[in-house]
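Please look over the sequence and the model shown here. The text that follows takes the reader through it one part at a time.

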Amino acid sequence: MSRLLTLTTFLPLAGLVVLGVGGRALKDDAARAITLVVTLGAFVLSLAIIGRFDPAQAGFQLVERASWVESIGLSYYVGVDGISLWMVVLTTFLFPVAVLASWRVDKDVRLYMGAMLLLETAVVGSFVALDLLLFFVFFEAILVPMYLLIGGWGGERRIYAAVKFFLFTMAGSAFLLLATIFLYSRSGVALGGGNTFSLPQLVQVAGTLPAATARWLFLGFFVAFAVKVPIFPLHTWLADAHTEAPTAGSVLLAGVLLKVGTYGLIRFNLALFPEAAKYFATFVSILAVIGIIYGAVCALIQTDIKRLVAYSSVSHLGFVVLGIFAFTQQGITGGVLQMVNHGLATGALFLLVGMVYERTHTRDLGKMGGLATVMPWLTGAFLFAVFASVGLPGLSSFVGEFLVIVGTFGVSHWFGSLAALAVILAAIYLLWSYQRMAYGPVHDEHRTLPDVSLREVVVLAPVLALLLVFGVYPKLLTDRIEPATTAVIRHVAPEGQTTDVGNGVGIEVASVEPGGTG
C-alpha cells in the first residue's frame, strides 16, 4: 500500500509485458480480456489512492522517492495532490471504458491493446511525476502509442493526422526540454549542492532567477503545454487527430491527453514562475477567450459530427485555461473541475459518435436524420451527453463553467462576459447538431438499424452516471481540489496582494474560506 502510485502507474506496463510474452500465439479475445482486467486493476488501485488521500492537506501525498541516476541528480519522485489526484482517477476510469469501446477492433488486436496499455502508463506517470526529467520522459512517451493508434487504426487520412499530431507535440516538447535543462544547470549553484530535477527544489531555483530569464523560461514551458491543450493558435492538429482517430483514441485524446497540457500549466508554469505567470496572464487569457469563441464558431459550421465535437474541445478547454489564469479560488477550482467534467462529457460524446458511425457508416449530419425513431435509447443517451456538455444545471459541466465564469468575472468583466457568451454558442451548435441527427425524415438505409447493445450499455452507463453525480454533488471533487488550488493562489499572488498583470489589469486575491465553492 505504500507503493500505490508506482503500482497504479506501472501495472498497465506489466500488462504490456504479458501481451508481449504471449506473442502471436495469444488469441485476440485473450488480449482483449487481459487488457480489460489490467486497466480495471489500475482503476481499483486509483480508488485506493482516494481512500489514502487526506482531503485536508494541500501538499503532495503518497510520495515515493528513490535515487535513479545519482550522478546527474535524477530521481524517481512521484506524488499527488488534490489536482493530480483526480487526473489519475479520470485516466484509470476512462481506459477500461475505452477498451470495452474497442472490443470489436479486429486488426492487430494484440498491438492495439499494447498501445493502449503503454499510453495509460505514460499518462498516469505524467500526472504523478515530481521530477522534471521523469515528467519529460512520461510526457514524450505519450506520443508513441497515440501516434500508433491514430496511424494504425484511424480513418482514411490517418497518416496525415498522426504525423501532424506527432510533429506539433514534438516541436512543443523541444522548448520544454530546453527550459528544463536550463533550470537544472542553475540548480547546483542556487542550492549550494548537486544539480537536481526535483520540482520542489527547482521552485526555489526559479525564485532566484532574474525576472526576464524567468519569463523566457515560462514561455518555454507554456509553448509545450499550449500545444497539448491545445490553445489557439496552436490548435490546428486537434480536429484532424480527432476526426481520423479510432473511437477509443478520440475518447482518450479528449478525456485525458489534453488534460496533461492544462495540468502542466498549473503544476509547472504557475509553480516555477509565479511572477511570469502574472506578467503574461492577460496575454494567456486573451488567447483562451479567442479559443473559446473560435472553437464554438468553428463547431457551428461543421457538418462532420466528430469534427464538431473536436472543435467543441478547443472551446471548452479554453474555459479551463481562462480559469487557471484568473488566479481566483473559483477560477482555478472551476478549471480543475472542468478538466474532469470535460473528460467525462466529451468522452461520452465521442463514444456515442463512434456508436452512431458503426451503424450508419457516416459522420455527415446531412446524411442522418430521424435516428431517434429507430434508435431511441442510443439517441436518448446522446441527448443526455449533449446536455452535460452544454452545462445544463444538475449535470457536471454546469458547476465547472459557472465557477470559471464567476472567478474570471471578478477579474475582468470582458473576459467573463465573452466566456458566458460561448456557453450560449455551445447550446446552439450541440442542440442543432442533435436535431439534424435525431429528428426529421428517416433515410431508407437507416430504418432497420439496431439500438444500443448490452456491451454499449456497460460502456456508457458509468460515464453518464458520473456526469449526473458530479453535477448534483460536486463537493465529492471540490473537497480535495480546494486545498491544492488555494495553495496555488497563495504561491502565485499572496493573500490581499494586488498584482499588475500583463497590460495593467489588477488582480486582488481575497481571503479564501475553507469549502467556499463546495
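His 361 is exposed, with a relative accessible area of 59%. The model is a predicted one. His 361 sits in the loop between α15 and α16, the latter covering residues 371–374. Its phi angle is near 60 degrees, a positive value in a residue other than glycine.

Asp 108 also has a positive phi, of about 45 degrees, although it is not a glycine. This residue belongs to the loop between α3 and α4 (109–128).

Another loop, the one between α9 (211–228) and α10 (236–244), holds Pro 230. The peptide bond that joins Val 229 to Pro 230 is cis, with omega about -5 degrees. Pro 233 is also placed in the loop between α9 and α10. A cis peptide bond links Phe 232 to Pro 233, and here omega is about 5 degrees.

Next come the helices and how they pack. Two packed helices are described by the angle between their axes and the distance between the axes. Helix α3, residues 82–101, packs against helix α11, residues 247–272, at an angle of about 170 degrees, and their axes are 10 Å apart. That angle makes α3 roughly antiparallel to α11, because angles over 145 degrees are put in that class. By class, the contact of α3 with α11 has eleven nonpolar, three polar and two charged residues. On the α3 side, the residues that meet α11 include Met 87, Leu 90, Leu 94 and Phe 95. On the α11 side, Leu 252, Val 256, Lys 259 and Arg 267 are among them.

A second pair is formed by helix α17 (residues 376–390) and helix α20 (residues 454–472), whose axes come within 11 Å and cross at roughly 35 degrees. The crossing of α17 past α20 is left-handed. Which residues of α17 and α20 meet? From α17 there are Ala 381, Phe 384, Ala 385 and Ala 388, and from α20 there are Leu 460, Leu 464, Leu 467 and Leu 468. By class, this contact of α17 with α20 has eight nonpolar, no polar and no charged residues.

Leaving aside neighbours within four places in sequence, Leu 183 is in contact with residues including Leu 132, Leu 202, Val 205, Phe 221, Leu 272 and Phe 273.

Two further residues are buried within helices. Thr 169 lies in helix α7, which spans residues 158–191. Thr 169 is buried, with a relative accessible area of 2%. Apart from neighbours within four places in sequence, Thr 169 is in contact with Leu 143, Val 227 and Lys 228. The C-alpha atoms of Thr 169 and Leu 265 are separated by 15 Å, while the two residues are 96 residues apart along the chain.

Gln 338 lies in helix α15, residues 329–360. What is the relative accessible area of Gln 338? The value is 1%, so Gln 338 is buried. Leaving aside neighbours within four places in sequence, Gln 338 is in contact with Val 320, Ser 397, Gly 400 and Glu 401.

Technical notes
Residues numbered from 1 in each chain as written. Predicted model: local features only at pLDDT ≥ 70, side-chain atom pairs only at ≥ 80, totals over all residues. Heavy atoms only, no water. Axes fitted to C-alpha atoms, helices over the stretch in contact; angles between N-to-C directions. Helix = DSSP H or I, 4+ residues; strand = E, 2+ residues; numbered from the N terminus. Parallel < 35°, antiparallel > 145°, perpendicular 65-115°, else oblique. Contact = heavy atoms within 4.5 Å. Nonpolar A, V, L, I, M, F, W, Y, C, P; charged D, E, K, R; others polar. Left-handed = near helix turned anticlockwise from the far one by under 90°. Buried < 20%, exposed > 50% of the residue type's maximum accessible area, 1.4 Å probe, protein only.
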